[in-house]
Amino acid sequence: MSRGGSGGHTRVLTARKRTAQSTRWLERQLNDPYVKRAKAEGYRSRAAYKLTELDERFEVIKGSKRVIDLGIAPGGWAQVIKRRLPKAAVVGIDLLPVDPIDGVTIFQMDFMDDAAPAMLIDALGGAPDLVLSDMAANTVGHPQTDALRTMALVEAALDFACDVLAKGGTFVSKVFAGGADSALVAEMKRNFTSVKHAKPPASRKGSVEWFVVAQGFKGRSVDRER
Ligand SMILES: C[S@@+](CC[C@H](N)C(=O)[O-])C[C@H]1O[C@@H](n2cnc3c(N)ncnc32)[C@H](O)[C@@H]1O
């Protein structure tokens, strides 16, 4: 049960069956200005503002014609893309089901499945100029395991981006613990003219989440060490 006046801080009364952790999550959700804004502006997730803020800083969206959205659910980033670029082809993938989004092709499958990359590109109809990944592994509560699982997703997303991006294209990915590890950053620097890390204001301060923005894809002729 929650109590609170309009605009004030909402406190959650601990229900008997709710754990302290889920009560904290609910209280934070109810008082989060980005959650309120997302609701008011019709975005499915507060994550929409992370992409919006990254775009304000790095101009990642402008001019894109084909966009891939890895870890699309529930669809906030895809909504941002479609509002900014109504004519762009957008294809997304997630383990979870996603309610349809006008003009977006969505696959419910594991991006790590060998068949996924070809399906995404077939559906997109050509090389993407923007590959986004907000994928996060389900955490198991063991920090090293969680970091490794998430880094495996970042690595797979980067490999994919380097295989499919059009020359000059952009890769944006969620990374953890202050950034991608040094081997991944080196790989990005070999393949992109600019690689920057950022923590947009909408990314919760307490979270280990960061983003890497790699722009100016050099093309597939670049020597890759993997
Ligand atoms: C933080 S959410 C994405 C939020 C989204 N950007 C938005 O704006 O609504 C991360 C998503 O990554 C998905 N994910 C994690 N691992 C995945 C995988 N191997 N293949 C596909 N999706 C994956 C999760 O199911 C989850 O929905």
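## Strand pairing and helix packing

Strand S4 and strand S5 (residues 104-108) run parallel and are joined by 5 bridges. Strands pair if DSSP finds at least two bridges between them. Helices (H or I, at least four residues) and strands (E, at least two) are DSSP runs, numbered from the N terminus. The model is predicted: local features need pLDDT of at least 70, side-chain atom pairs count only at pLDDT 80 or more, and totals for chains, interfaces and linings use all residues. Residues are numbered from 1 along each chain as its sequence is written.

| Strands | Bridges | Facing residues |
|---|---|---|
| S3 (residues 66-70) and S4 (residues 89-94) | 5 bridges | Asp69 and Gly92 |
| S3 and S6 (residues 130-133) | 4 bridges | Leu70 and Ser133 |
| S4 and S5 | 5 bridges | Ile93 and Phe107 |

Between S3 and S4 the chain passes through helix H4 (residues 76-84), and this β-α-β crossover is right-handed (with the strands pointing away from the viewer, the path from the first strand over the helix to the second runs clockwise).

In S3, 5 of the 5 residues are buried, so the strand is largely enclosed by the rest of the structure. A residue is buried if 20 or more other C-beta atoms, placed from the backbone, lie within 10 Å of its own, exposed if 12 or fewer, and partly exposed in between. Arg66, Ile68 and Leu70 point one way from S3, while Val67 and Asp69 point the other way. S4 is also largely enclosed by the rest of the structure, because 5 of its 6 residues are buried.

Helix H6 (residues 143-164) packs on helix H7 (residues 182-191) at an angle of about 15°, with the axes 11 Å apart. That makes H6 roughly parallel to H7 (angles under 35 degrees count as roughly parallel, over 145 as roughly antiparallel, 65 to 115 as roughly perpendicular and the rest as oblique). Axes are lines fitted to C-alpha atoms, for helices over the stretch in contact, and angles run from 0 to 180 degrees between N-to-C directions. Val154, Glu155, Leu158 and Cys162 in H6 meet Leu184, Glu187, Met188 and Asn191 in H7, contact being C-beta atoms, placed from the backbone, within 7 Å.

Terms used: Two residues are in contact if their C-beta atoms, placed from the backbone, lie within 7 Å.
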